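Student: Could we go through the aromatic side chains in this one together?
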Amino acid sequence: MQISHVVRILAVAMVLVVGALSPLGAADAQQHRAVPFVFIGEADGCGAGTFGSHIVTSAWLGGMGLPDNGGDTAFNGVADTAKDPHRGLLLSKNGPSPDCSSAGARISGVRGMGVDATFTLGFDYRNGGHCGAGAPRFNVVAKPATGPNTSHFVGGCANGVQTAAPQDPAQWTRARFTPAQQFPPIPPGSRIVSITLLYDEGTDTASDQDLNGVGLAVVDNIFINGQFIRTGTGTDEDHGRGGNGTNDD
C-alpha cells in the first residue's frame with residue numbers, strides 16, 4: 001500500500017515536470033507586467049541648462065481601458081463585461097516636449113526573451129489621444145549573439161501598422177511594430193535585456209488625432225511578441241519617481 005502510494009506521487013510529479021517543460025507551461029510561467037514609472041530629469045543628467053518638471057503621470061486606472069477579461073472576444077457594452085474593471089494605462093506629459101521628463105511602464109518578465117525575424121511589439125490606444133511618430137513607443141535594449149548591448153527605438157505609435165481594435169473598433173485602434181518599425185533593427189538571435197513603453201511628447205506636439213496637443217495617451221492590451229498585458233495595477237507614485245524605467249523586474 002505504501003509503495004503504491006509512492007508510485008502515485010511520483011507519477012503526479014512527473015506529469016507536473018513535463019507540463020512545466022512543455023511550451024504551454026513555459027508560456028504560462030512567463031507572466032509579463034507593465035509597471036508604471038515617471039522620469040523627471042535633473043540638470044546633470046539632461047544636458048546643460050535643461051531639467052525635468054513634475055508634469056508627467058503614468059497610472060493604471062479603472063474605467064480607462066478596454067475589457068480586461070475574455071481576450072479580444074470581450075466587447076464593451078455587453079452584460080458579460082458589466083463588472084469588468086476596464087483598466088487602462090494613462091500616460092500624460094502636461095507640458096512641452098523638450099522638458100526633460102517622461103512617463104512610461106517597465107515591462108517585466110522579458111529578460112532573456114529571444115528575438116527572431118518576426119519579433120513584434122504593440123498596443124491598443126484610445127482614439128482622440130496622442131499617437132505621434134515618437135510616442136508612445138518602446139525603447140528596447142538587446143544583447144546580440146556577439147558584441148555589447150544595443151539600444152532600439154520601436155515605433156512610435158504613428159509609425160505602426162494600424163487596425164481597428166477588436167474590443168471597441170469605433171473608439172480604439174491597434175498598433176503593431178514589426179522589424180520594419182525598429183530603429184535600428186534588432187539583430188535576430190539577440191536576447192532581450194529590457195523593454196520600456198515610453199511617452200515623452202508633450203502639449204507642443206500635435207498628431208493626426210491630437211491636433212491641439214493634449215499631451216496624453218491611453219493604451220491597453222500591450223503586446224509583447226505574442227503575449228498580451230491586458231490589465232495592471234499601480235501608479236508612478238507606487239513605483240517611485242526619477243528612474244529611467246530601463247530595468248527589467
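Student: Which ring does the charged end of Arg230 sit over?
Tutor: The charged end of Arg230 sits over the ring of Phe228, 4.1 Å from its centre, where a charge counts as over a ring if NZ of Lys or CZ of Arg is within 6 Å of the ring centre and within 35 degrees of the ring normal. This is a predicted model, in which local features need pLDDT of at least 70, side-chain atom pairs count only at pLDDT 80 or more, and totals for chains, interfaces and linings use all residues. Residues are numbered from 1 along each chain as its sequence is written, and side-chain values use heavy atoms, leaving out hydrogens and water.
Student: And what about Arg176, which ring is under its charged end?
Tutor: That is Phe223, with the charged end of Arg176 4.2 Å from the ring centre.
Student: Switching to ring pairs, how many aromatic pairs are there?
Tutor: The count is 5 aromatic pairs, taking rings of Phe, Tyr and Trp (its six-membered ring) with centres within 6.5 Å, and calling planes under 30 degrees apart stacked, over 60 edge-to-face and the rest tilted.
Student: Why is the pair of Phe123 and Phe138 tilted?
Tutor: Because their planes are at 40 degrees, with the ring centres 5.9 Å apart. Phe123 is in strand S5 and Phe138 in strand S6, 15 residues apart; strands (E, at least two residues) are DSSP runs numbered from the N terminus.
Student: What does Phe138 form with Phe177?
Tutor: An edge-to-face aromatic pair, 6.2 Å centre to centre and 70 degrees between the planes, so that Phe123, Phe138 and Phe177 are linked by ring pairs into a cluster.

Definitions and conventions: Helices (H or I, at least four residues) and strands (E, at least two) are DSSP runs, numbered from the N terminus.
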